[in-house]
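Hi,

Here is the structure I promised to pass on to you.

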Amino acid sequence: MPKPPSYPSKVFLNGEILNAADAKISVFDRGFIFGDGIYEVMARIGGQFFYREAHLSRLRTCLDKIDISCNVDTLESEIPRLLELSGLETADCLLYIQVTRGVAPRQHSYPRDIQPTVMMYAWAKTLPDINETPASVVVQKDYRWSRCDIKMTSLLGNVMANEFAMAHDCYETLFERDGILTEASHSNVFFVKNRIVYTHPANCYILDGITRQVVLELCEKLGIEVRLEGLPVQDIPNMDEAFLTGTSTQILAIRKIDDHVISGGRVGPITRKLQEAFLDLKNTGA
Ligand SMILES: Cc1ncc(COP(=O)(O)O)c(C=O)c1O
């Protein structure tokens with residue numbers, strides 16, 4: 001069982017770095033009332049944030065998509081001080097960033113002149129070099145909305161789906177929309193058949209994961225053929241391999257989808273090759 005998460009010691013909130021217990025926001029914050037905000041998570045490995053620019057660029061894009069104006073460069077410049085005060089100058093860690101629209105009297109439409117609420121914190125986390133133990137997953141209908149490309153804080157659909165996975169002793173829930181597998185509650189999903197890698201195209205039905213993008217780059221580098229196609233659910237039993245990707249999930253082989261055992265329950269050769277190439281990338285600093 002993974003260790004339950006603990007609270008960070010320090011929180012960056014609207015320009016100040018505070019003890020976590022002193023970091024307070026208004027009950028009228030639209031992030032609290034509507035889930036009207038964007039978030040990002042980055043992993044620091046060996047002293048550098050892995051694919052930092054890609055994460056910050058997705059943060060900018062998602063803020064633009066929901067019309068929140070926030071200077072991500074200013075926010076980025078505060079990260080070293082936050083890490084230092086959190087006692088994480090040299091530690092491997094995860095950084096959580098959240099920007100909500102800010103505080104306003106409750107109504108759906110928003111005023112244009114409010115300051116966004118900006119919050120960040122980091123906590124020590126060492127990710128395994130390679131995830132050795134394949135995971136079991138379940139499939140559920142995708143009951144979320146049709147803008148899954150936005151990394152928004154309103155994650156109730158994802159929370160419910162992940163809870164469904166936990167209730168079935170599984171790591172993840174794969175979402176199915178109109179018979180096609182899209183992504184999972186907090187990761188993207190890939191399949192392998194006859195040495196060809198399949199994953200859903202980056203459209204409004206999935207979050208275009210940074211790890212997903214890294215894996216696609218690695219496939220190209222390794223000469224592995226890729227097809228950007230969502231897999232029909234009925235094809236699950238025919239798959240040679242399947243794996244999940246995500247910032248903290250990294251590349252995780254799938255051993256079972258519902259009742260179908262994949263790759264004999266072991267990490268398949270293409271998944272392994274990608275895991276090793278991913279590890280090289282982490283070791284050389286990306
Ligand atoms: C729904 C969803 N899909 C995919 C991902 C993977 O994205 P990334 O690789 O950028 O962590 C996440 C990560 O939080 C997610 O929430």
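This is a predicted model: local features need pLDDT of at least 70, side-chain atom pairs count only at pLDDT 80 or more; totals for chains, interfaces and linings use all residues.

Residues are numbered from 1 along each chain as its sequence is written.

Let me start with the domains. The chain is assigned domain 1 (10-124) and domain 2 (135-284), with bounds that come from an automatic or database domain assignment. Taken over C-alpha atoms, their centres are 27 Å apart. Domain 1 puts 21 residues into the contact and domain 2 eleven residues; contact here requires C-beta atoms, placed from the backbone, to lie within 7 Å. On the domain 1 side, strand S3 (37-45), helix H2 (52-65) and strand S5 (93-100) each give two or more residues. Helices (H or I, at least four residues) and strands (E, at least two) are DSSP runs, numbered from the N terminus. S3 has the largest share of that side, with eight residues. By type, the domain 1 side holds twelve nonpolar, six polar and three charged residues. Ala, Val, Leu, Ile, Met, Phe, Trp, Tyr, Cys and Pro count as nonpolar, Asp, Glu, Lys and Arg as charged, and the others, Gly among them, as polar.

Now to a pair of helices. The axes of H6 and helix H7 (residues 269-284) come within 10 Å and cross at roughly 105°; axes are lines fitted to C-alpha atoms, for helices over the stretch in contact, and angles run from 0 to 180 degrees between N-to-C directions. H6 and H7 are therefore roughly perpendicular, the word used for 65 to 115 degrees. H6 contributes Val214, Val215, Leu218 and Leu222 to the contact, and H7 contributes Lys273, Leu274, Ala277, Phe278 and Leu281. These residues divide into eight nonpolar, no polar and one charged.

H6 also turns up at the ligand. The ligand is surrounded by 13 residues, of which Leu207, Gly209, Ile210, Thr211 and Thr247 are the closest; a residue counts as near if its C-beta atom, placed from the backbone, lies within 6 Å. Helix H6 (210-222) and strand S14 (241-246) each supply at least two residues of this shell, and the largest share, three residues, comes from H6. The shell divides into two nonpolar, nine polar and two charged residues.

Best wishes

Key. Angles under 35 degrees count as roughly parallel, over 145 as roughly antiparallel, 65 to 115 as roughly perpendicular and the rest as oblique. Two residues are in contact if their C-beta atoms, placed from the backbone, lie within 7 Å.
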